[in-house]
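This report is for a reader new to the structure.

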Amino acid sequence: KGRGPNEFLRPVFCNFCGSEFAVIDYGKRKILFFKKDLTNFLKHDSEMIIPGLGSDLKFTGDKLYIAGYKRDRKKREYSLFSKDMRTGEFRHFIPLNKKFGIKSTNSLRDNSEMSKFIPAVGTNGYFDIIGDDVYFVWEGSSRVIHENITENETAYFQHDSRNYIKPKPT
């Protein structure tokens with residue numbers, strides 16, 4: 001345990017694919033990347049700062065998908081994004097407003113929609129990928145978001161009970 005390149009402070013999620021290994025470390029607020037060397041030993045390769053704590057990650061081929069918080073260059077906010085491990089390029093999926101089920105994230109800031117939310121919960125999202133389809137859930141909703149990442153098509157699966165209370169994102 002420590003702050004060095006081969007040490008963890010608070011590792012919470014990891015994924016391994018081929019020769020790549022990634023770990024979300026809440027203590028360092030980073031994703032740490034490791035690669036196998038010729039002797040199959042994992043060596044620290046690089047790090048990526050994550051502004052919001054990531055809550056899930058998965059490799060598919062050369063891409064690492066991350067559930068967390070990230071802004072694109074136009075300052076749009078997203079709950080799921082990917083990093084191409086060869087080129088370093090990012091793609092963004094599932095805007096925050098889709099995750100929270102609201103019209104826009106501006107309404108979170110101006111508080112106009114906050115009266116519709118009741119209990120406060122975290123912002124963690126979890127997902128799985130099957131081919132071009134991502135299935136994403138947020139811990140504060142009973143809704144599953146299905147997004148086709150090639151076609152940019154989104155579908156929602158939601159079956160709230162009559163006792164369901166929509167939570168307030170914090």
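## Charges over rings

The model is predicted. In it, the charged end of lysine 70 sits over the ring of phenylalanine 81, at 6.0 Å from the ring centre.

## Aromatic pairs

The count of aromatic pairs comes to six. In one of them, phenylalanine 81 and phenylalanine 90 have ring centres 6.1 Å apart. Their planes stand at 55 degrees, so the pair is tilted, because only angles over 60 degrees count as edge-to-face and only those under 30 as stacked.

Are the two residues of this pair buried or exposed? Phenylalanine 81 has a relative accessible area of 2% and is therefore buried. Phenylalanine 90, at 31% relative accessibility, counts as partly exposed. Elsewhere in the chain, one aromatic cluster is formed by Phe8, Phe16, Phe21 and Phe34.

## Nonpolar cores

Phe81 also belongs to the largest nonpolar core, which has 12 residues in all. Its other members include Ala22, Ile24, Tyr26, Ile31, Phe33, Met48 and Leu64. At least two residues of this core come from each of the strands β2 (20-25), β3 (30-36), β5 (56-60) and β6 (63-71). Another core, of 11 residues, lies apart from it; Ala67, Leu80, Ile145 and Ile149 are among them. In soluble globular proteins, nonpolar side chains tend to be buried together.

Which residues does leucine 64 touch, leaving aside its neighbours within four places in sequence? Leucine 64 is in contact with Ala22, Ile31, Phe33, Leu57, Lys58, Phe59, Phe81, Ser82, Lys83 and Met85. Of these contacts, Ala22, Ile31, Phe33, Leu57, Phe59 and Phe81 are also listed in the largest core.

## Positive phi angles

Most residues other than glycine have a negative phi. Arginine 29 is not a glycine, yet has a positive phi of about 55 degrees. This arginine is found in the loop between β2 and β3. Its relative accessible area is 40%, so arginine 29 is partly exposed.

Asparagine 152 likewise has a positive phi, near 55 degrees, in a residue other than glycine. Where is asparagine 152? It lies in the loop between β12 (144-148) and β13 (153-157). At 51% relative accessibility, asparagine 152 counts as exposed, because the cut-off for that class is over 50%.

Technical notes: Residues are numbered from 1 along each chain as its sequence is written. This is a predicted model: local features need pLDDT of at least 70, side-chain atom pairs count only at pLDDT 80 or more; totals for chains, interfaces and linings use all residues. Side-chain values use heavy atoms; hydrogens and water are left out. Rings of Phe, Tyr and Trp (its six-membered ring) pair if their centres lie within 6.5 Å; planes under 30 degrees apart count as stacked, over 60 as edge-to-face and the rest as tilted. Buried means under 20% relative accessible area, exposed over 50%, partly exposed in between (1.4 Å probe, protein chains only). A charge sits over a ring if NZ of Lys or CZ of Arg is within 6 Å of the ring centre and within 35 degrees of the ring normal. A nonpolar core is a set of buried Ala, Val, Leu, Ile, Met, Phe, Trp, Tyr and Cys residues joined through side-chain atoms within 4.5 Å. Helices (H or I, at least four residues) and strands (E, at least two) are DSSP runs, numbered from the N terminus. Contact means heavy atoms within 4.5 Å.
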